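Thanks for coming. I will go through the packing first, then one interface between chains, then one chain taken alone.

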Amino acid sequence: MTEVLEGTQQGPQARSSSDTEPFLVVEDLTVQFPTHDGLVQAVSDLSYSVGLGETLGIVGESGSGKSVSSMAVLGLHDEKRTRMAGSIRIGGKEVVGAGDHTMRKIRGNDAAMIFQDPLTALHPFYTIGAQIVEAYRLHNEGNKRTAKRRAVEMLDLVGIPQPDRRVDDFPHQFSGGMRQRAMIAMAMVNNPKLLIADEPTTALDVTVQAQILDLIQKMQKEFGSAVVMITHDLGVIAEIADEVLVMYGGRAVEKGSCKQILTHPEMPYTWGLLGSIADVTGDTSKPLVPIPGTPPSLLNPPTGCAFHPRCVHKDKVPDGRCNSELPELRPGIYANHLTRCHLPDPDAIYESEVKEVVM
Amino acid sequence: MSAPHDAVADSRAEDAAAPELSGVPLLEVKDLVKYFPVKSSGVLRRTIGQVQAVDGVSFTVDKGSSLGLVGESGCGKTTTGRVITRLYDPTSGTIMFEGNEIGQLNRKQMMPYRRQIQLIFQDPYSSLNPRHTVGTIVGTPMQVHQTVPKNKMLTRVQELLETVGLNPEHYNRYPSEFSGGQRQRIGIARALALNPKLIVADEPVSALDVSIQAQVVNLLQDLQKQFDIAFLFIAHDLAIVRHFCPRIAVMYLGKIVEVGDRDSIYLTPHHPYTQALLSSAPDVRQAAIGGRRERIRLEGDVPSPVNPPSGCRFRTRCWKAQEICAQEEPPLLQIGGREVACHFAEAMQVVAATEGDIAAQVEDDDRAPKLEVG
Amino acid sequence: MFGYILRRLVAAVLVVVVISMIVFALFFLGPSNPAAVICNANGRCTPERQATLEHALGLDQSVIPQYGEFVKGVFVGRTISVGPGADYDCSAPCLGISFRSKLEITELLKDKYPATVSLAVVGGSLYLLIGSTLGILAAKYRGSATDRILVSSSLVFSSIPYYLVALLAWLFLYNEYRLFPETGYFAVTDNPVKWASGLLLPWLVLGFAQSPQYARFGRGSMVETLSEDFIRTASAKGLPRNKVLFKHGLRAAIVPIVTIFGLDMAFLLAGTVFTEEIFDIDGIGAWGLDGIRLLDFPVIAATVLVGAIFVVVANLIVDIAYSFLDPRVRLA
């Protein structure tokens with residue numbers, strides 16, 4: 001495990017050089033929650049990085065660990081109830097083990113987060129303007145008037161009509177799409193270099209979802225930020241992600257470019273995901289191919305590969321290693337495409353069996 | 001699974017014995033209207049307006065078939081489902097079930113029809129009473145309608161649980177002991193208990209994980225084939241609706257804007273709203289293969305159903321809007337194999353059918369200007 | 001908003017009227033006979049004297065004219081007779097005269113309410129403050145030893161009946177060891193210091209003995225609020241922990257506490273009976289208790305009506321306050 005530097009960015013090896021490493025680097029992140037029933041292993045050995053101007057899509061279902069890992073990036077877990085190990089570096093500054101003081105400077109400033117349900121994620125008793133002003137004044141000098149002007153600017157930037165009027169409205173007075181725009185405005189008000197979006201469009205209608213995804217991409221261009229998009233919706237990933245990370249049972253099980261993952265997936269779980277989603281262009285005479293079984297328990301994860309109880313290709317692995325040995329995240333045919341699977345030749349299986357189902 | 005069929009076969013035999021009403025659709029809805037009053041805040045609580053949730057909706061559902069009702073929040077699709085099952089009373093319009101008008105029946109008269117029309121709810125977590133066991137939940141409909149004698153109840157409940165893929169031994173468990181997908185199956189078992197002819201499924205899979213969605217959708221398709229059940233499939237997920245329903249109706253702000261069979265709607269939509277919807281739905285396969293389809297982005301929000309726009313309700317966000325759209329409400333007219341309510345209905349292929357189409361589109365895209373809606 | 005208040009006021013007035021009718025009916029249709037009470041109070045009673053009294057009091061009439069007299073008295077005043085030659089003028093608003101002292105109820109009310117108000121307002125504010133603070137602390141450190149100590153001690157405290165706590169406090173803190181000055185109500189206009197010192201012990205007893213429920217309730221409300229999404233958003237913006245707790249958490253958690261407090265205050269204002277009796281405070285509560293003991297019906301009727309009015313008004317104030325505290329609530 002990497003050494004944790006307590007709350008400072010200076011150290012013998014100055015890690016603040018963001019030109020040598022991507023803006024967000026997550027290395028061997030492990031997040032565990034000790035509970036009455038046992039240790040919940042929410043995230044295990046997760047590593048990824050996102051550079052400025054890039055979009056990483058993290059896809060997984062409930063219990064995959066995608067939200068837990070992202071909240072860990074901003075240090076939003078309760079220290080008393082969480083055990084974290086590994087390294088998370090934002091612009092060179094170490095986050096794991098960093099004190100509240102350091103984290104406060106990063107949150108809302110270098111890195112910002114938007115959440116799934118803007119109705120519950122915004123304080124119901126304060127106006128949108130007041131909440132954006134608060135975010136601004138936490139990290140910037142200036143009086144209330146400048147802050148409010150900035151708030152109106154941001155509301156305009158995210159496409160809210162009559163921003164000077166709406167700035168004094170309460171969250172419940174906005175529609176769902178407008179609320180999410182307001183939340184994006186609040187997140188971006190300090191030009192953060194990293195934006196983490198946790199299922200930002202799940203609660204929205206499909207036309208509004210399209211508007212919001214467009215907006216996020218626009219913000220990214222405008223501010224040059226790195227974007228981490230967490231979702232269970234492969235369609236969203238397809239629209240905006242450059243790189244994709246598939247998570248299952250708290251681990252990364254496949255990682256690669258978006259095109260790669262969607263056209264040449266190499267991991268049975270990804271095949272299962274692609275096969276089980278309906279599509280507006282697919283063949284309707286073919287039934288959907290669901291993944292049998294249910295997601296794994298994080299309290300008592302399966303031995304070996306976490307997906308093996310549900311994997312239909314298990315028998316193609318010699319020696320039955322799937323039950324006993326956890327596969328490593330290794331490159332397949334392409335160096336930049338990693339999978340965590342024992343299958344010796346996933347591409348062949350994909351071409352012969354899976355492709356017709358998925359495409 | 002031969003035992004479960006007996007009960008069902010019996011009821012089907014009964015229905016077969018009834019005079020064949022050929023040509024009469026199972027469900028026919030004409031000009032259905034549902035308004036909710038808005039009360040003033042003055043001293044006297046007068047009604048100052050109406051939420052025009054459903055404003056003149058007509059469609060039919062054939063026996064054993066499915067009609068998909070698609071639209072976004074506030075379009076009235078959920079309300080339509082509730083009115084058809086008489087959870088709400090219609091403000092006006094007719095609901096005909098097997099040729100019988102059921103919109104105005106009182107509670108007692110409605111009872112025999114309730115056996116035929118059942119409802120599956122969206123949220124598997126709140127639609128099951130947490131204090132009732134699964135057995136009670138699934139058995140209550142039969143108890144209320146007295147379709148099964150007490151001594152046969154348990155067997156029937158277990159049959160139903162098995163039919164939906166649950167362990168029949170779990171009838172004594174509580175909903176909290178099941179996962180979301182399993183709870184939805186319990187809801188489905190409950191809906192099946194009375195051998196309905198029509199099931200109104202209100203967003204049956206939206207609250208579930210992707211891999212579980214596929215399991216439940218497949219289950220519903222199997223049940224449809226096995227028991228010849230018609231579905232009114234209400235959803236906002238265009239892909240799932242297309243997969244499940246051969247016919248689809250698109251709703252906007254209380255009105256149906258387009259109705260047609262699957263291919264007509266998805267390959268050659270005529271109504272601008274349908275085109276915008278299809279354009280917004282993220283398409284994994286197309287993005288994977290490459291190339292882009294028409295990107296239509298609607299501006300702004302859905303208008304308030306209390307004060308809908310005059311004439312065509314979609315005109316405030318429509319790029320084709322003209323004078324006439326504000327003055328005259330477009331009627332639902334037959335164009336080709338579909339009905340469209342638009343003064344300027346025109347086919348536009350938004351999503352590609354085959355790889356060839358996509359490839360061709362990639363070429364076109366480079367040449368054609370992008371359709372941005374201002 | 002205005003329409004809402006108007007409607008609620010009309011409803012409130014109706015409620016008070018109905019209560020006055022019920023109170024009236026209870027006493028004059030009840031088992032005890034007011035005439036007998038007065039008769040016995042004035043010396044030995046004979047059936048003839050009682051009959052005369054009954055006639056004078058109008059008890060031989062049916063209920064509705066009697067109620068009519070009562071209502072008339074409230075608006076224009078009336079003369080109450082308790083026997084030949086024993087007439088008392090009762091000016092509007094007339095709530096009757098005390099059977100014992102023959103003084104006007106309205107006057108007595110005016111004399112006694114300052115004590116109750118002083119007790120209720122300060123004592124109530126004290127237990128709100130103490131209780132909420134403990135509750136917030138418990139929520140902030142939930143799961144820790146502090147939390148568990150606070151919760152269990154509040155349980156212990158609230159299991160002891162209030163009158164016992166008050167009595168023990170009076171007995172030991174005042175009577176035995178004179179740790180506190182003499183308790184009682186002394187007019188605040190005469191001598192503010194004496195006023196405060198006389199009520200100090202009762203305030204503290206009220207404050208601490210009633211705080212456990214607010215501590216528990218405050219803790220619950222705070223814990224629930226802290227699990228809301230907007231708390232996470234506030235942290236994600238970079239707000240320091242205490243600001244998150246107070247500016248975001250408390251602001252939301254306080255709303256149900258304040259509304260309950262509003263209703264509690266109404267009951268306090270209606271008469272803190274135990275406190276007044278034990279600490280010898282001449283307030284409405286003690287007065288009402290005396291009235292019951294001495295079967296002084298007009299006194300009982302008056303205290304019940306006062307209580308009812310306070311509760312009804314408090315309900316209205318709480319509802320209006322709620323709409324200010326929570327902008328999502330629009331009064332319909």
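By nonpolar core I mean a set of buried Ala, Val, Leu, Ile, Met, Phe, Trp, Tyr and Cys residues joined through side-chain atoms within 4.5 Å. Buried is under 20% relative accessible area, exposed is over 50%, and partly exposed lies in between, with a 1.4 Å probe and protein chains only. On conventions: this is a predicted model, in which local features need pLDDT of at least 70 and side-chain atom pairs count only at pLDDT 80 or more, while totals for chains, interfaces and linings use all residues. Residues are numbered from 1 along each chain as its sequence is written, chains are lettered from A and ligands numbered from 1 in the order in which they are written, and side-chain values use heavy atoms, with hydrogens and water left out.

Start with the largest nonpolar core, which has 80 residues. Those with the most contacts inside it are Leu24(A), Tyr48(A), Val73(A), Ile88(A), Ile90(A), Ile184(A) and Leu194(A). Helix 7 of chain A, residues 176-188, contributes the most to this core, 8 residues; helices here are DSSP runs of H or I, at least four residues, and strands are runs of E, at least two, numbered from the N terminus. The domain bounds come from an automatic or database domain assignment.

Take Tyr48(A) from that list. Leaving aside residues up to four places away in sequence, Tyr48(A) touches Leu24(A), Val25(A), Val26(A), Leu56(A), Ile58(A), Val73(A), Leu245(A) and Lys255(A), where contact means heavy atoms within 4.5 Å. There is also a second, separate core of 69 residues, which includes Val157(B), Val241(B), Ile296(B) and Cys318(B).

Next, chain A against chain B. In this interface, 42 residues of chain A are in contact with 40 residues of chain B. The two chains bury about 3800 Å² between them, 56% of it on carbon and sulfur atoms; buried area is the accessible area (1.4 Å probe) that two parts lose on being put together, summed over both. How many salt bridges cross this interface? The rule finds 0, a salt bridge being a side-chain nitrogen of Lys or Arg within 4 Å of a carboxyl oxygen of Asp or Glu. On the side of chain A that touches chain B, helix 8 (206-223), helix 9 (234-240), helix 10 (258-263), helix 11 (268-276) and helix 13 (346-358) each supply at least two residues. Helix 8 of chain A gives the most, with 7 residues.

Last, chain C. Chain C has 13 helices and 2 strands, and 44% of its 332 residues count as buried. Its C-alpha atoms fill a box of roughly 85 × 55 × 40 Å along the principal axes. Chain C is divided into domain 1 (2-99) and domain 2 (106-330), and 34 Å separate their centres, taken over C-alpha atoms. The contact takes 22 residues from domain 1 and 20 residues from domain 2. About 1800 Å² is buried between these domains, with carbon and sulfur atoms giving 81%. The count between them is 1 salt bridge. Arg8(C) and Asp319(C) meet through their side chains in a salt bridge, at 2.5 Å, N to O.
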